[in-house]
Amino acid sequence: MYRTVSRLLRIGVPRASCNSLVRTFTVSQARCASTSEVDKPNFPGSKSKFVSQPFLLDPDDMEGIPVYRAMNRDGVFVDESQDPKFDDNTILKMYKDMTLLNTMDRVLYDSQRQGRISFYMTNYGEEGTHIGSAAALDPKDLVFGQYREVGVLMWRGFPLIQFIHQCYGNCKDLGKGRQMPVHYGTKDFHFVTISSSLATQMPQASGAAYAYKRKKNGLCVICYFGEGAASEGDAHAAFNFAAVLDCPVIFFCRNNGYAISTPTKEQYRGDGIAARAAGYGIPCIRVDGNDVFAVYNATKRARELCISQSRPVVIEAMTYRIGHHSTSDDSSAYRSVDEVNYRDRSDNPITRFRNYMTNRGVWDEDKEKQWKLESRKMVMKAFAEAENEKKGQPESFFEDVYKKMPPHIEKQMNEMKQHVKQYKEHYPLEHFQPMS
Amino acid sequence: MATLCKTISSATRQASKLNQFSRLLSTTQRCNVQMAVRDALNSAIDEEIERDEKVFLLGEEVAQYDGAYKVTKGLWKKWGDKRVLDTPITEMGFAGIAVGAAMAGLRPICEFMTFNFSMQAIDQVINSAAKTYYMSAGQVPVPIVFRGPNGAAAGVAAQHSQCFASWYSQCPGLIVASPFSSEDCRGLLKSAVRNENPVVLLENELMYGTAFDVSEEALSKDFLIPFGKAKIERTGSHITLVAHSKAVGLCLEAANELIGQGVECEVINLRSLRPLDDQTIIESVMKTNHLVAVEGGWHHCGIGAEVVALIMESQAFNYLDAPVLRVTGADVPMPYAKTLEDLALPQVKNVLTAVKKSLNIS
């Protein structure tokens, strides 16, 4: 009886009403010739109540989880209380990072088409998800990305030229030319090296968050993934573990409508990725991914929950992949160019943010023209410099197989060096840093 | 029930046979202390957890259940939830968790109930654990240990009896070890936990109950066996037998039987599969001029195949008086019936046949 009263009090029923309600309740129960204690299901697997008619929960009858949007397409806050009140510098940095990324993407995509680099993936249309989320994190929060989160690194201050060094795999590449383009990784910026296998970063993020929880360092982990990658078994394991082990990890899903050519309606039947969270016991927020402020607010809220309660949170950012999946893809094969252009024109995160900036009075046509030229110059300068760098020392590819080079690999390395020295006229050594 | 009892009693008979040999033929210091393999593993894990607060163990049934094969008995009771974790049933999941924890600075010991189930997680082991240090150009180390029983057990048939020695040994970036004795288990597991690279430790379920002499040195908390160093369990001058894990016991048994015929076998316990101790094998073959490689796994692309190749590529080739022979498991998925299972695995008589063929004696 006391439990029922306290439950009613908690949902705001005044005490006098509680007592009379409970009395009525007990009386009606008595009429059913059983007491509430005996009739409660006592299964180890679930906490619920009995029903006397079969209870079929059909998700088709349920409304989808709503999308949180703070700023509309015209750059105006729908609800003023949602304005995070950034200062001018932050606003400008956000815009410049998004547009610089966009410019770099265009240059590097073209460079692949020209045969200068072998492969590239653009971030068109998703810049808002990167900048909004990155700005809400602590710079030391560990990031596990998938491959379309370059803006996160840009926000954190990863030098522009370093992106291009990696794409060229030259001697300045932090990855020492080991990986395909866009597989960035940098310890200094707390960004785990991108791995090609889809969704493998998800349970790793849960594990890293578990490690952070044990270290009590006040940080969290954020794991980015696409709605397609969420179909992998690794995703299921990651969610389940993070929930069971109370790991402080934000699972950030970029739902951009396509997984290469597979549209979302062929990827899943349910209400996206956000709807799965409850199944694991994880709280979730669905957000307009093209609204930088909404993404920022949602990530901030998620981070607070993560850190204060040591619980995972799922954020599903709804957006649209404006570019092709990669340079190996031509999306006109499976979606109309009109559809893409429509999306680009009507709901682009950069355009929306620019509208806000114009309304606020910190941006105008002249500034836009000037920045376009300036940013392009920055990219082209970095590009020219990176392109002219030599490749690393040839023998460097024998390193890092193990922490300390074992004798059999050292032997192979010396054999290679010997061979190349002997037949040096047959090898393009002028493109490489000299061998030791 | 009758079959189960027969299985257990024959396993015990096998174990006691090995017992006798381990006492007679082991080259470790004479000592009164006997330790079962499972206790060797248990004590090693216990001591490493005590030594370094970053070390923790996770796997299915490792905590309150004391481990599916009781290897982790008492550890959860002693160290609690923070150091010994039960995981939901998803190998790809908990292997991924463990890899991520290692990337973030912890030192996990990830138990696979058997290595057969590791196939479900093999992408995390190979593409993440093994290759990440290389792919990240040294920025992301993965100091993790994957351990569990490997190879045939008794009466558990095709999907529970495969040997994964070749599979894991193939991949650069991994260290792969396969202990035989209790001493091997203690030293290799401790080295594995302290190593900065990902290590795969292939144990053997049938050996868990076998007791071996353990030297005082091996009982010390800092007893480490280096990777890439094999152990000569028994010296001989007529023929070299090389094996890993349970097959080492088979070789010792065969060696004992051959004494009567005046044949002295040199038995090499590989201990490490990657890196492989080429030098010890080569030097032995240069001495005995005959080599038989014995393993429980299949012959195609097996450990024996690697041993043969390394001999061919070395100066030991010039010292061979006969081709290198291999004794391996039959090229079939493991059958269930006891009679068939016995025939599918190498027996002492198979080793004897190979030795006699190599030495051209009857």
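**Packing and sheet layout in a predicted model**

**Nonpolar cores**
- The largest nonpolar core has 86 residues, and Phe251(A) is among those touching the most other members, along with Phe225(A), Phe146(B), Ile281(B) and Ile311(B).
- Helix H4 of chain B (residues 91–103) gives this core its largest share, eight residues.
- There's also a second, separate core of 74 residues, which includes Val295(A), Cys306(A), Ile315(A) and Trp363(A).

**The sheet in chain B**
- Five strands line up as S9-S11-S10-S13-S14 in an open sheet with mixed pairing.
- S9 (231–234) and S14 (325–329) of chain B sit at the edges with a single partner strand each, so one side of each has no neighbour in the sheet.
- On average, neighbouring strands are turned by 25° against each other, direction ignored.
- S9(B) runs antiparallel to S11 (residues 265–269) of chain B, and three bridges join them; Ile232(B) has Ile268(B) as its bridge partner in S11(B).
- Helix H12 of chain B (residues 303–312) packs on the sheet, touching S10 (239–243), S13 (291–298) and S14 of chain B. The direction of H12 makes about 150° with that of S13(B).

**Annotated domain**
- An unreviewed UniProt entry annotates residues 35–210 of chain B as "domain: Transketolase-like pyrimidine-binding".
- Over residues 35–210 of chain B, the chain is 36% helix and 16% strand, with the end C-alpha atoms 8 Å apart.

Notes:
Residues numbered from 1 in each chain as written. Chains lettered and ligands numbered in written order. Predicted model: local features only at pLDDT ≥ 70, side-chain atom pairs only at ≥ 80, totals over all residues. Heavy atoms only, no water. UniProt positions renumbered as here; feature names shortened; annotations may be inferred. Helix = DSSP H or I, 4+ residues; strand = E, 2+ residues; numbered from the N terminus. Pairing = 2+ DSSP bridges. Axes fitted to C-alpha atoms, helices over the stretch in contact; angles between N-to-C directions. Contact = heavy atoms within 4.5 Å. Core = buried A, V, L, I, M, F, W, Y, C linked by side-chain atoms within 4.5 Å. Buried < 20%, exposed > 50% of the residue type's maximum accessible area, 1.4 Å probe, protein only.
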